[in-house]
Amino acid sequence: MSEGTLEMKRLRVGSGCSIGAVADDWNGRGRCIGARIRGVNVGILDEQVLVLVFRALNWDPQELCSVARVSRRLRAVAERVLWRELCVSRAPRMVSALTAGSSSAPGSGRVGGGWPALAKLLLYCCGAAGAGVPGHFAPVSRFSKTSGRSFLSRRCGGDLLYVSDPCEHAASGGDEDVGAYRGVFRGFMRSRTRACLVGGRAPLEPRVRCPYCGARVWSVTAAGLAPRSACRRLGAHEGRLEYFVCVSGHLHGSCWLARLSDSDGDGQGERDGSGSLSDDDRRMAL
């Protein structure tokens with residue numbers, strides 16, 4: 001008698017006829033229950049088990065990356081389930097808005113570029129290659145669709161775009177600061193921004209790729225779709241801002257930040273301390 005059959009009998013004796021009935025039902029459909037029971041990695045490959053494990057780990061992205069590198073099967077589970085759950089746990093309202101209309105359950109729809117790319121966008125600042133600023137892990141970020149509206153021209157005002165606050169870096173060999181930011185569109189394939197880029201025959205950049213999904217990108221600045229309100233929102237020098245959007249709808253860019261005087265800094269601190277942020281301006285402790 002095979003090992004699987006013996007294991008099946010032990011399950012029936014120890015758990016009563018209900019488990020046996022379920023096992024018989026599975027066997028009746030041509031599935032090998034013995035192989036599932038004997039499998040060394042059955043538990044760790046179970047999606048529900050993995051979700052519970054990573055929920056207990058507070059969705060640690062580094063641990064998730066380690067697990068995804070173990071095997072192709074675990075990588076497939078991570079791409080299909082775990083990265084999505086990480087995004088939902090980190091930014092539930094943002095994910096709900098990005099997937100609105102695709103399903104009744106928040107976060108159960110699809111996003112452009114896939115869930116691993118969105119998770120990377122939430123957790124990783126891509127830096128500014130032109131200013132010699134490398135990318136880095138960003139454990140705390142604030143994404144806002146209020147900021148996103150500042151990056152949309154009047155023709156594209158109906159699009160939904162989330163943009164982060166600029167991540168400030170000291171530029172190498174200079175006294176100025178560089179701000180790196182990133183964002184994501186909802187339903188970019190149907191957006192007015194994409195229609196304007198395609199309709200205006202804006203060329204895809206030959207040397208720039210999206211740092212989050214690897215897709216090709218358009219320069220929104222070169223296409224003449226970058227409004228002045230973006231500079232004002234970021235506190236950047238006029239005309240010293242550039243950003244790109246990829247074919248999947250991920251935005252990234254950089255700008256040269258204007259230095260605030262002491263009086264300006266004090267006033268800004270008072271505004272921040274008042275706690276008057278809108279519901280759309282949410283800080284995510286990643």
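Biologist: How much space lies in the second largest pocket?

Modeller: Keep in mind that this is a predicted model. The second largest pocket holds about 430 Å³ of space. Its lining counts 20 residues, and those closest to its centre are Leu98, Arg186, Gly187, Phe188 and Arg190. By class, that lining has 9 nonpolar, 7 polar and 4 charged residues.

Biologist: What about cavities: how many are there of 30 Å³ or more?

Modeller: The count comes to 1. The largest cavity has a volume of about 70 Å³. A cavity is a space where a 1.4 Å probe fits but cannot get out.

Biologist: Which classes of residue make up the lining of the largest cavity?

Modeller: There are 9 nonpolar and 2 polar residues, and no charged ones. Among the lining residues are Phe151, Cys156, Val220, Tyr243 and Leu251.

Biologist: How do you know how many disulfides the structure has?

Modeller: A search of the whole structure finds 0. Take Cys196: the nearest cysteine sulfur, that of Cys156, is 3.8 Å away. A disulfide needs two sulfur atoms within 2.5 Å, so Cys196 is in no disulfide. For Cys255, the nearest cysteine sulfur belongs to Cys231 and is 7.3 Å away, so by that cut-off Cys255 is in no disulfide either.

Biologist: Are those two cysteines buried or exposed, and what makes them so?

Modeller: Buried means under 20% relative accessible area. Cys196 has 14%, so Cys196 is buried. Cys255 has 1%, so Cys255 is buried as well.

Biologist: Why is Ser219 called buried?

Modeller: Its relative accessibility is 4%, and because the limit is 20%, Ser219 counts as buried. Ser219 is found in strand E8, which covers residues 216–219. Leaving aside neighbours within four places in sequence, Ser219 is in contact with Glu205, Glu242, Tyr243 and Phe244.

Biologist: How far is Asp46 from Val77?

Modeller: They are 31 residues apart in sequence, and 8.8 Å apart in space, C-alpha to C-alpha.

Notes
Residues are numbered from 1 along each chain as its sequence is written. This is a predicted model: local features need pLDDT of at least 70, side-chain atom pairs count only at pLDDT 80 or more; totals for chains, interfaces and linings use all residues. Side-chain values use heavy atoms; hydrogens and water are left out. Helices (H or I, at least four residues) and strands (E, at least two) are DSSP runs, numbered from the N terminus. Buried means under 20% relative accessible area, exposed over 50%, partly exposed in between (1.4 Å probe, protein chains only). Contact means heavy atoms within 4.5 Å. On a 1 Å grid over the protein atoms alone, a cavity is a set of points where a 1.4 Å probe fits but cannot get out, and a pocket is an open set with protein on both sides within 12 Å along at least five of seven lines; lining residues have an atom within 4 Å of a point. Grid points are joined across faces, edges and corners, and a volume is the space filled by probe spheres set on the points. Ala, Val, Leu, Ile, Met, Phe, Trp, Tyr, Cys and Pro count as nonpolar, Asp, Glu, Lys and Arg as charged, and the others, Gly among them, as polar.
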